[in-house]
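Me: I'd like to learn how to read a protein model step by step. Could you walk me through one?

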Amino acid sequence: MKNALLYVNMFGFILVLGAALAEEVGDSIGKSAVVAKKESIYTFGFLMLLWSTIFLLASAFIRDNFIFSLASLPTLGIRSVLEIAQAHVSVLAVTRADRSTYGFLRILTIPLLLVVDMVLGYTIGTYQILGMGIIIAALVVLFINHGIKKEGAWLVVFTAINAVATISLYKYNISHFNSVEVEQVIVHAVLLVYFVAMALLVAKENPLQFLRKPLFFGQSVTMGAASALMSFAYLFGAASVITTVKRAAGILWALLSGNLYFQEKQFLVKMASFILIVIGLIFLAS
């Protein structure tokens with residue numbers, strides 16, 4: 001029985017590693033294409049969301065899970081506005097910040113969520129406080145040793161802070177009103193309309209035409225695969241453990257792609273900080 005449980009958990013970890021790798025591949029392709037002016041940030045955003053939205057719709061049909069409450073409209077409306085800001089700035093952050101900077105600073109969302117829980121009156125254990133301290137210490141080490149570049153960093157910090165609000169609203173809506181698929185499909189639909197409109201009106205390009213090109217089709221599919229793999233990963237392990245592995249894997253792949261593909265510097269300092277962050281995440285999940 002223990003061996004079977006171990007294999008199940010290991011399969012979940014493999015799915016998370018695959019999902020994080022697929023997301024990194026999609027982000028790296030998008031970053032390179034935007035920098036080379038082969039696509040706009042709006043087309044990048046559209047391609048990033050397209051297949052994950054299709055996956056969510058398919059999941060809703062398969063599970064017959066169409067639950068929507070009109071009472072969710074106020075919080076759903078606020079979340080949609082914040083998600084537009086989150087998606088827009090996230091695309092900017094991906095294209096302007098170093099991959100390792102993006103991976104490291106995005107981790108700030110987790111301790112910030114714990115701070116919100118503390119403010120709301122939830123009990124936070126000693127391990128969680130220690131974990132937050134270790135993560136903050138790792139980021140301080142990076143700043144001191146110039147492991148984090150300023151270019152694009154503030155964009156990543158915005159997404160980390162804004163994610164606290166969007167995640168909190170998402171958790172509230174699926175806990176009280178809507179099914180996961182319906183909540184996400186509505187928000188994704190809003191984002192897709194935004195990116196298509198901006199691509200047509202501002203960048204003067206049709207995002208759908210990019211799907212005819214193998215590179216951009218591959219970019220879109222890998223991002224959709226990342227979403228699908230992560231969804232299935234939660235079936236094979238505790239949510240806290242899967243989330244911890246996801247965050248750690250995201251930093252690892254961003255660190256490696258930044259060093260190998262984008263020739264970013266300070267690899268040893270970043271790797272040491274990565275190890276500290278993994279330790280901090282383990283404490284947070286305890």
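**Reading the fold**

Reply: Happy to. Let's begin with the order of elements: along the sequence of this predicted model, the protein chain runs α-α-α-α-α-α-α-α-α-α-α.

Me: How many helices and how many strands does the protein chain have?

Reply: There are eleven helices and zero strands in the protein chain.

Me: How does the radius of gyration of the protein chain agree with that of a compact globule?

Reply: The idea is to set the value against what the chain length leads you to expect. A compact globule of 286 residues would have a radius of gyration near 19 Å, and the protein chain has 19 Å, so the two agree. Along the principal axes, the C-alpha atoms fill a box of roughly 50 × 45 × 40 Å.

Me: What do the contacts in the protein chain join?

Reply: Here you look at how far apart in sequence the partners are. Taking contacts between residues at least 6 apart, 85% join residues at least 24 apart.

Me: Which residues have the most contacts inside the largest nonpolar core?

Reply: A nonpolar core is a set of buried nonpolar residues joined through side-chain atoms within 4.5 Å. The largest one here has 50 residues, and those with the most contacts inside it are Phe104, Ile107, Leu139, Phe195, Ile277, Leu281 and Leu284. Helix α2 (residues 41–63) gives the largest share of this core, eight residues. A second, separate core has seven residues, among them Ala19, Met230, Ala233 and Ile242.

Me: Which residues is Leu281 in contact with, leaving aside neighbours within four places in sequence?

Reply: With those neighbours set aside, Leu281 is in contact with Ile107, Ile110, Ile135, Thr244, Arg247 and Ala248.

Me: Is Glu181 buried or exposed?

Reply: The test is relative accessible area, and buried means under 20%. Glu181 has 4%, so Glu181 is buried. Glu181 lies in helix α8 (residues 180–201). Beyond its neighbours within four places in sequence, Glu181 is in contact with Leu56, Ser59, Ala60, Arg63 and Asn65.

Conventions:
Residues are numbered from 1 along each chain as its sequence is written. This is a predicted model: local features need pLDDT of at least 70, side-chain atom pairs count only at pLDDT 80 or more; totals for chains, interfaces and linings use all residues. Side-chain values use heavy atoms; hydrogens and water are left out. Helices (H or I, at least four residues) and strands (E, at least two) are DSSP runs, numbered from the N terminus. The radius of gyration is taken over C-alpha atoms; the globule rule is 2.2 Å times the number of residues to the power 0.38. Contact means heavy atoms within 4.5 Å. Buried means under 20% relative accessible area, exposed over 50%, partly exposed in between (1.4 Å probe, protein chains only).
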